Amino acid sequence: MFYHVKELQYEARPERPDPVFARKLQEVLGGQFGEITVAIQYLFQGWNTRGDGKYRDLLFDTGAEELAHVEMLATMIARLLEGAPVAQLEEAAQNPLIAAILGGMNPQHMIVSGLGAMPADCVGLPWSAKYVAASGNLLADFRANLTAESQGRLQVARLYEQTSDRGVRDMLSFLIARDTMHQNQWAAAIAELEAKEGLVVPSTFPRELEKSSVAYTLYNLSRGDESAAGRWAHGPSMDGYGQFQYVQQPVPFGSKPVLAPAPSYIYDTPPAVLHGNTNAPHVPPIA
């Protein structure tokens, strides 16, 4: 059961209209690492957790908070669009000053959403469920959560620098602080799970079925050998089960693949053409 409280988690009130910045805020609302993504991601991870306990509760706590952030951003976007000179769009072609002000506005804010936020990013691409990671493996999912919060905080920090509006900056400052907490909480949960399960996901796959001879080898597959200087190239592996190795000039393990021709009814390029046979029969076009 969900229960909506009408008050915002934190105030979302700009000093003045700014339709261009409203468009920019759409990215941290409906972009790949926006608030819609993390809200749905955490909730689905919680719903997919088989069994109760602190991790499931943490996911629901945070997913519910991210829904609150969705509402805060939607409110801020709507208020940034309030009072904007949208009716003057038609004059933009004749008035360079107005064109400069409104040129970066998302016209869908006027045409589609009626001066409101949309489940889309800053260039109008609709939010996609493909952004969501919810695998049922908590260690894998919490690492995805840490990445999402890192990218989200980075984007909000960049937006903070692109406005001088004190009201907008105040809300963004709150979101940045909450992303600080969320990065810390996922890092704490990851450390706890790694202490129980180990570093590599999934921890339950039988190691005897893994090709262990290549499990800790770094192949030099780009020009130069600077990567050989890293911690990942020498010494004990991070999971404690092997020794890192660096291969300067890797060689292939397999042979060159040769595929059999496709059946004629597939109408692939004829093998004779692929093999450079200039005497291949010419098939006249159908009249």
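**Figure 1. Overall architecture of the protein chain.** The protein chain holds eight helices and three strands (DSSP runs numbered from the N terminus, helices being H or I with at least four residues and strands E with at least two). From the N terminus, the order of elements is α-α-α-α-α-α-α-β-β-β-α. Of the 287 residues, 30% are buried (under 20% relative accessible area, with exposed meaning over 50% and partly exposed in between; 1.4 Å probe, protein chains only). The accessible surface amounts to about 18200 Å², and carbon and sulfur atoms contribute 58% of this surface (Shrake-Rupley method with a 1.4 Å probe). Among contacts with a separation of 6 or more, 73% join residues 24 or more positions apart; a contact means heavy atoms within 4.5 Å.

**Figure 2. Packing of helix α1 against helix α3.** The axes of α1 (residues 19-30) and α3 (residues 54-81) come within 8 Å and cross at roughly 165 degrees. Axes are lines fitted to C-alpha atoms, for helices over the stretch in contact, and angles between N-to-C directions run from 0 to 180 degrees. The two helices α1 and α3 are therefore roughly antiparallel (angles over 145 degrees; under 35 counts as roughly parallel, 65 to 115 as roughly perpendicular and the rest as oblique). On the α1 side, P19, F21, A22, L25, Q26, V28 and L29 take part, meeting V70, L73, M76, I77, L80 and L81 of α3. By class, this contact of α1 with α3 comprises twelve nonpolar, one polar and no charged residues (Ala, Val, Leu, Ile, Met, Phe, Trp, Tyr, Cys and Pro count as nonpolar, Asp, Glu, Lys and Arg as charged, and the others, Gly among them, as polar).

**Figure 3. Packing of helix α1 against helix α6.** Helices α1 and α6 (residues 138-160) pack at about 165 degrees, their axes being 9 Å apart. Helices α1 and α6 are therefore roughly antiparallel to each other. F21, K24, L25, E27 and V28 of α1 contact Q155, V156 and L159 of α6. The contact of α1 with α6 has five nonpolar, one polar and two charged residues.

Figure 4. H182 lies in α7 (residues 166-197). The residue H182 counts as buried because its relative accessibility is 0%. Leaving aside residues up to four places away in sequence, H182 touches T62, E65, E66, H69 and E149.

**Notes.** Residues are numbered from 1 along each chain as its sequence is written, and side-chain values use heavy atoms, with hydrogens and water left out. In this predicted model, local features need pLDDT of at least 70 and side-chain atom pairs count only at pLDDT 80 or more, whereas totals for chains, interfaces and linings use all residues.
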